[in-house]
2 protein chains.
Amino acid sequence: MGRWEPGARGRLAQAAMTLYAEQGFERTTAAQIAARAQLTERTFFRHFADKREVLFYGTESARDLLTSAVTSAPAGTAPMDAVSAALEALAAQFQENPERVRVRDAIVSANAELRERELVKLAGLAAAMADALRERGTPEPAASLAAETGIAVFKVAFARWISDPDRPDLPEILRTWTDELRGVLAQHPGA
Amino acid sequence: MGRWEPGARGRLAQAAMTLYAEQGFERTTAAQIAARAQLTERTFFRHFADKREVLFYGTESARDLLTSAVTSAPAGTAPMDAVSAALEALAAQFQENPERVRVRDAIVSANAELRERELVKLAGLAAAMADALRERGTPEPAASLAAETGIAVFKVAFARWISDPDRPDLPEILRTWTDELRGVLAQHPGA
């Protein structure tokens, strides 16, 4: 999701999410979004191809957050720990405004094309973290395994969090479930 | 990928993959595929919406293979072991005809829309394995974590395998890298 940027793009995204929450995604038009942001419709289309694209407003800042967190982890940090710390920072942003995340998730989940776009976005975030790990010297396959596994845990933790109306702490779920995964991989009998 | 089914659907898929390899995906038409399979174009469109869909011919049989492998793992098998065994069985099918897998992968990789469809397919396979684990009594989040992580390792192992012209044994890579992931998660310093 990311935080709102200053400027027209951020204002449009914020206005769009407010309207989606108030009156629903289907009933919201680009003209309404622009009006709410006190901008012209033309400005809207300079920043977004359509009202769906606004839902992926946060992808770029999420990628920046994750790669800079991986890059700036202290020397000697294990790859999986660098990935986990990066994803916890993203989770903390989600936790700042759970209602906004929930509104967005409900729209994306209800539409097959948007769910696909979401998967593409997640795959891109995994690839970006793997790149950042390789740049700090992590060899393959460790870099890709850590990044892809981190995203896999994030997906599962997010699904749990979003389905719980109490929105328990997402960074905490992520930490707990990364440990749980260590147990799952330790080949204890569980079935 | 799966094996060819007997009957029109399997014959069409086989003819399509042969033509894609011989003359390229772009230059192949539905009419040519039907002719090669000694069937009518109308029959082709009864089985496939278009020539792209033929590339995902194997999804259903892959899902069946994975879920039945998870379901039939001996009682007491750890969830991650059940998932790994299922994915190794799928990897063994890929290894049977690496050239076919390579031709298909080259087509899918070259096209953004097909890459998206592939991600959707992989997410569906993870969900199907998680369902199968839950049915044999694995609780959440262990079921989803094992299934999603298994698919994450499969993705990384497949990318390595497909990029190596010697096509080293895919089931073996999968086994080795699941062990590698255990090391990655064991928090040893690696960067």
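Which helices do the buried residues of H5(A) pack against? In this predicted model, they pack against helix H4 (59-71), helix H6 (98-109), helix H7 (112-135), helix H8 (142-162) and helix H9 (170-185) of chain A, together with helix H9 (170-185) of chain B. The buried residues of H5(A) include Met80(A), Ser84(A), Leu87(A) and Phe94(A).

Let us look at H5 itself. This helix covers residues 79-96 of chain A, and its 18 residues should span 26 Å at 1.5 Å a residue. The C-alpha atoms at its ends are 26 Å apart, which agrees.

Thr178(A) counts as buried because its relative accessible area is 7%, under the 20% cut-off. Its side chain reaches the backbone oxygen of Leu174(A) at 2.8 Å. Leaving aside residues up to four places away in sequence, Thr178(A) touches Met80(A), Ser84(A) and Val153(A), and also Leu185(B) from the other chain.

That brings us to the interface of chain A and chain B, with some totals here:

| Interface item | Value |
|---|---|
| Residues of chain A in contact with chain B | 37 residues |
| Area buried between chain A and chain B | about 3,300 Å² |
| Salt bridges across the interface | two salt bridges |
| Polar contacts across the interface | four residue pairs |

On the side of chain A that touches chain B, H5, H7, H8 and H9 each supply at least two residues. H8(A) gives the most, with ten residues. By class, this side has 20 nonpolar, ten polar and seven charged residues. Of the buried area, 71% is on carbon and sulfur atoms.

Notes: Residues numbered from 1 in each chain as written. Chains lettered and ligands numbered in written order. Predicted model: local features only at pLDDT ≥ 70, side-chain atom pairs only at ≥ 80, totals over all residues. Heavy atoms only, no water. Helix = DSSP H or I, 4+ residues; strand = E, 2+ residues; numbered from the N terminus. Expected span 1.5 Å × (residues − 1). Buried < 20%, exposed > 50% of the residue type's maximum accessible area, 1.4 Å probe, protein only. Contact = heavy atoms within 4.5 Å. Polar contact = N/O pair within 3.5 Å; in protein donor to acceptor, adjacent residues only side chain to side chain. Buried area = accessible area lost by both parts, 1.4 Å probe. Salt bridge = Lys/Arg side-chain N within 4 Å of Asp/Glu carboxyl O. Nonpolar A, V, L, I, M, F, W, Y, C, P; charged D, E, K, R; others polar.
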